[in-house]
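Subject: Structure for your files

Hello,

Please find the structure below, with notes on what turned up in it.

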Amino acid sequence: AALPKATVLDLSCNNLISLPSDFCSLMHLVKLDLSKNRLQQLPSDFGRLVNLQHLDLLNNRLVTLPVSFAQLKNLKWLDLKDNPLDPVLAKVAGDCLDEKQCKQAAVKVLQHMKAIQSEQDRQRQRKLQAEREMEKKREAEQRAKEAQERELRKREKAEEKERRRREYDAQKAAKQEVEKKTKKENVQTRKPASSSRPPQPARHKHSWSRSVLRVLLCVLLCVLCVLAACKLTELQRQPLCVSVNTLYEDVVAALQNHKTLQNMLQQNSQQ
């Protein structure tokens, strides 16, 4: 890692079991020899070595290659002999017994790894699409559930409102019934009172007639007093008394001629 611009690196015959992740920072490598080690796998970001042209992995313990291997677009030589490769990968890589076969191995393995990468990308895309569809489905179900809950709450509110309205109507009807019954009872209670009322006007009328009669008697008494004064005293020669006496005589004469008034006077005198 201290030599980031190194272009050629030979690590063969070192019994290496693995490579550290920062090994892939040597992006200027053109030729790399990792043959005759005990590597079981390559770093997952091995594809960062984009300038690599020559790669020797002879006699290791590799079964597969990282998918990022497909990014080694400049790779022109590859040796994977004497590795327990996956049968499909082993068939693609070939024997690499000469220069031509090793070059073909590089091309074919790159194509194979690109196909694997594309398939993984498609699978990842399908998985992502499935997750999105699942998420949309969950969202749709959630929206449907929320809509159902809103509809349920709305229906419950409507039912509660209807129940309160019925209770209010029932209370109102009961109140009206009570008022009607009370009014009926009041009407029935007033009837006897109304039947006993007619005598009251008669009493009032009788009392009023008595008052009038008293006033008339007082007036009559005053008139009699005046007449007595004008007839029995020396005031009879006064002009006023002369007029009163004359009026009295006229009235008496008229009363004598009116039999009905005479009868009334007799009845009043008898009372």
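Glu-135 and Arg-138 both sit in helix α2, three residues apart, which is about one turn of the helix. Helices here are DSSP runs of H or I with at least four residues, numbered from the N terminus. This pair forms a salt bridge whose closest N and O atoms are 2.6 Å apart; the term means a side-chain nitrogen of Lys or Arg within 4 Å of a carboxyl oxygen of Asp or Glu. Glu-135 is partly exposed, at 33% relative accessible area, and Arg-138 is partly exposed too, at 43%. Partly exposed is the range between buried (under 20% relative accessible area) and exposed (over 50%), with a 1.4 Å probe and protein chains only.

Some background on the model: it is predicted, local features need pLDDT of at least 70, side-chain atom pairs count only at pLDDT 80 or more, and totals for chains, interfaces and linings use all residues. Residues are numbered from 1 along each chain as its sequence is written, and side-chain values use heavy atoms, with hydrogens and water left out.

Other salt bridges

Twelve salt bridges were found in a search of the whole structure. One of them joins the side chains of Arg-124 and Asp-121, at 2.2 Å from N to O. These two are three residues apart in helix α2, so about one helical turn separates them. Asp-121 is partly exposed, with a relative accessible area of 34%.

Arg-166 and Glu-162 also meet in a salt bridge, at 3.7 Å from N to O. They are four residues apart in α2, again about one helical turn. The relative accessible area is 48% for Arg-166 and 30% for Glu-162, and each counts as partly exposed.

The nonpolar core

The largest nonpolar core has 28 residues, and Phe-46, Leu-65 and Phe-69 have the most contacts inside it. Such a core is a set of buried Ala, Val, Leu, Ile, Met, Phe, Trp, Tyr and Cys residues joined through side-chain atoms within 4.5 Å. Helices α1 (87-93) and α2 (99-196) each supply at least two residues of this core, and α2 gives the most, with four.

What does Phe-46 touch, leaving aside its neighbours within four places in sequence? Its contacts (heavy atoms within 4.5 Å) are Phe-23, Cys-24, Leu-32, Leu-52, Leu-55, Pro-66, Ser-68, Phe-69 and Leu-72.

Regards
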